[in-house]
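Q: I am new to this structure. Please take me through one part of it closely.

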Amino acid sequence: MSSNKEKLQLADRHLREARIAEAVKLLPRHHFEKLSREERLLAANIARRTYNISLGLRLLHPLVFSEQTKPNEKEIAEYAVLLTLNGSFSEAKRLLHSIESPKHPETLLAKVWCLFGVWEFREAIPVLHEYIKTQKDPYYKFAGRINLTEALFETKNFESCHKELEKLNKDLAHTEFARLKANALHITSMLYHAQSKLKLSNQAIEKGLQLFGATNTSDKLLLQRQSAINMATKDKNPKALQEFRKIAIKEKAWDSLRKIELESLKINFEEKQFLNLYFGTPFIEFRKELDRLFQKDRKSTRLNSSHTDISRM
């Protein structure tokens, strides 16, 4: 292939059509100095979307923290998203605050990722509406709509989530964006599970996994997570969750691990496990969700054993 830019553009097309492995092969691994600023940014974007977070940070760090030149808004926004995926939310927010007059939708998306990362889904909804309105690229506009359905789901706006998913799946059917179709199916599977429609949830998972094929990605892991949740719900046994827990730890998928622990508590509440999850979580909104879900279980536990009253702490 004639240029680095063409290779990266091809990698981008592979990603949009869920050919993850082919995209990864085209990522630069060394001699970054031979890449232009534009190529570094595109390479970092592809690295992030294939969950090569360290590579993405290495590509952009010299640009964002250069003493010779000032980083542009898109470089800061992409670096901030990478930081959120690395768990560095405070640094990501600090960088985004340094952008005085945002002009690009990428900055809005970076803010959304910061909010999602700390479970502040309600605050992300207006930002997502603005992102969808200003984003011109059809692929990324669809991605914004998918993120909106997730925010609606996580804030328990199930009716609005269902309506958005219906429109989204209908519009995606006319595209070749296989990865986004699978992402939408993941949200669909979560919604059906929440509505106790396990058969429909499993059907959505199966369709999503077919789109990914044999390729292992962080997105595919989410479908596998929901499959484990469905199995545990059906059997009323956390065994499937315990098996997935091993995978989540191996992949360092900490958010998936939190959700697995939460679902396990729904099936079999244990005070010690609850406290470990509660105090092991740095996110206020997630702790509020734990309080909401398990208030009755904790009252029952309080009647039968010594109990740590976290409401007074």
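Is Arg 48 buried or exposed, and why? Please go on from there to the rings.

A: This is a predicted model, where local features need pLDDT of at least 70, side-chain atom pairs count only at pLDDT 80 or more, and totals for chains, interfaces and linings use all residues. Residues are numbered from 1 along each chain as its sequence is written, and side-chain values use heavy atoms, with hydrogens and water left out.

Arg 48 counts as buried because its relative accessibility is 10%. Buried means under 20% relative accessible area, exposed over 50%, and partly exposed in between, with a 1.4 Å probe and protein chains only. Arg 48 belongs to helix H3, residues 37-49. Helices are DSSP runs (H or I, at least four residues), numbered from the N terminus.

What surrounds Arg 48? Setting aside neighbours within four places in sequence, Arg 48 is in contact with Ile 53, Glu 78, Val 81, Leu 82, Leu 85 and Trp 113. Contact means heavy atoms within 4.5 Å.

Take Glu 78. Its side chain makes a polar contact with the side chain of Arg 48, at 2.9 Å. A polar contact is a pair of N or O atoms within 3.5 Å; within protein, one must be able to donate a hydrogen and the other to accept it, and residues adjacent in sequence count only if both atoms are side-chain atoms.

Now Trp 113. The charged end of Arg 48 sits over the ring of Trp 113, 5.9 Å from the ring centre. That term requires NZ of Lys or CZ of Arg within 6 Å of the ring centre and within 35 degrees of the ring normal. Arg 287 also has its charged end over a ring, that of Tyr 278, 5.9 Å from the centre.

Next, rings with rings. The model has 14 aromatic pairs. Rings of Phe, Tyr and Trp (its six-membered ring) pair if their centres lie within 6.5 Å; planes under 30 degrees apart are stacked, over 60 edge-to-face, and the rest tilted. Phe 65 and Tyr 79 form an edge-to-face pair, because their planes stand at 75°, with centres 5.6 Å apart. Phe 65 lies in the loop between helix H4 (53-64) and helix H5 (73-85), and Tyr 79 in helix H5, 14 residues apart. Phe 65 is partly exposed at 36% relative accessibility. Tyr 79 is buried at 4%.

Finally, ring pairs link Phe 269, Phe 274, Tyr 278, Phe 279 and Phe 294 into a cluster. Phe 294 is buried, with 2% relative accessibility.

Key
Helices (H or I, at least four residues) and strands (E, at least two) are DSSP runs, numbered from the N terminus.
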